[in-house]
Amino acid sequence: MKIDYKKLVAAAAKAREGSVSPYSKFKVGAALLTKRGEIIGGANVESASYGLTCCAERIALFKALTDGKKHFIAVAVVARADDGPTPCGACRQLLAEYAPGAKVFIADSRHLKKIREFTVEALIPEAFTGSSLAAVDR
Ligand code: THU
């Protein structure tokens with residue numbers, strides 16, 4: 001399936017409007033694309049107990065997964081960041097587990113047409129995944 005990455009970036013920019021970021025004021029939006037063409041958006045949600053904050057990518061992923069969606073082929077992330085916001089390590093881990101093989105599109109919210117493209121595997125090589133748990137000591 002050909003990925004309409006401009007549409008996906010636009011969906012991430014729209015999802016960003018839902019950001020709940022009273023502490024950092026750093027608004028992030030993410031949008032996942034399923035193999036069936038569905039788009040699921042999410043935005044970062046912050047806590048006064050900072051470590052409980054959840055990134056936009058994981059919010060979108062958790063929304064999608066708990067809604068029964070699977071087979072993600074792309075994700076877009078938008079924030080006001082020069083060259084676009086590359087996902088944090090925690091989000092890379094979850095993407096490796098639940099969106100293997102997906103393309104990752106990122107854009108600065110001020111320049112939505114300037115899109116950079118990666119793959120999940122390029123962002124987290126040699127990821128620890130469920131298959132790493134196959135062999136256990138008894
Ligand atoms: N954030 C994301 O939503 N995604 C990332 O990949 C990096 C960081 C959020 C978390 C926090 O609300 C704010 O950006 C500042 O770190």
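Two strands count as paired if DSSP finds at least two bridges between them. Helices (H or I, at least four residues) and strands (E, at least two) are DSSP runs, numbered from the N terminus.

The model is predicted: local features need pLDDT of at least 70, side-chain atom pairs count only at pLDDT 80 or more, and totals for chains, interfaces and linings use all residues. Residues are numbered from 1 along each chain as its sequence is written, and side-chain values use heavy atoms, with hydrogens and water left out.

**Exercise 1. The hairpin of β4 and β5**

Task: Find how many residues lie between β4 and β5 in their hairpin, and state in which sense the two strands pair.

Solution. Step one: locate strand β4 at residues 103-108 and β5 at 115-119. Step two: the hairpin that they form has six residues between the strands. Step three: the pairing is antiparallel and rests on five bridges. As one example of a bridge, Val-104 has Phe-118 of β5 as its partner.

**Exercise 2. The whole sheet**

Task: Give the strand order of the open sheet and name the strands that stand at its edges.

Solution. Step one: the sheet has five strands in the order β2-β1-β3-β4-β5, and its pairing is mixed. Step two: β2 and β5 each have a single partner strand, so they stand at the edges and one side of each is left without a neighbour in the sheet. Step three: on average, neighbouring strands are turned by 20° against each other, direction ignored. Axes here are lines fitted to C-alpha atoms, for helices over the stretch in contact, and angles run from 0 to 180 degrees between N-to-C directions.

**Exercise 3. The two partners of Leu-33**

Task: Name the residue opposite Leu-33 in β2 and the bridge partner of Leu-33 in β3.

Solution. Step one: β1 (28-34) is joined to strand β2 (residues 39-43) by five bridges, and these two run antiparallel. On that side, Leu-33 stands opposite Ile-39. Step two: β1 also pairs with β3, again in the antiparallel sense, over seven bridges. There the partner of Leu-33 is Ala-74. Step three: look at the turn of the β1 and β2 hairpin, where four residues lie between the strands and Gly-37 takes a positive phi near 90°.

**Exercise 4. Helix α2 against helix α3**

Task: Describe how α2 and α3 cross and which classes of residue make the contact.

Solution. Step one: two packed helices are described by the angle between their axes and the distance between the axes. Step two: the axes of α2 (residues 56-66) and α3 (residues 89-98) come within 9 Å and cross at roughly 30°. That makes α2 roughly parallel to α3; angles under 35 degrees count as roughly parallel, over 145 as roughly antiparallel, 65 to 115 as roughly perpendicular and the rest as oblique. Step three: contact means heavy atoms within 4.5 Å. From α2 the contact uses Glu-57, Arg-58, Leu-61, Phe-62 and Leu-65, and from α3 it uses Ala-90, Cys-91, Leu-94, Leu-95 and Tyr-98. Step four: by class there are eight nonpolar, no polar and two charged residues. Ala, Val, Leu, Ile, Met, Phe, Trp, Tyr, Cys and Pro count as nonpolar, Asp, Glu, Lys and Arg as charged, and the others, Gly among them, as polar.

**Exercise 5. Buried or exposed?**

Solution. Step one: buried means under 20% relative accessible area, exposed over 50%, and partly exposed in between (1.4 Å probe, protein chains only). Ser-19 is in the loop between α1 (5-16) and β1; beyond four places in sequence, Ser-19 touches Phe-26, Lys-27, Val-28, Ala-43 and Asn-44. Step five: for buried residues within a helix, turn to α3, where Cys-91, Leu-94, Leu-95 and Ala-96 are buried. Their cover includes α2, β3 (72-79) and α4 (120-123).
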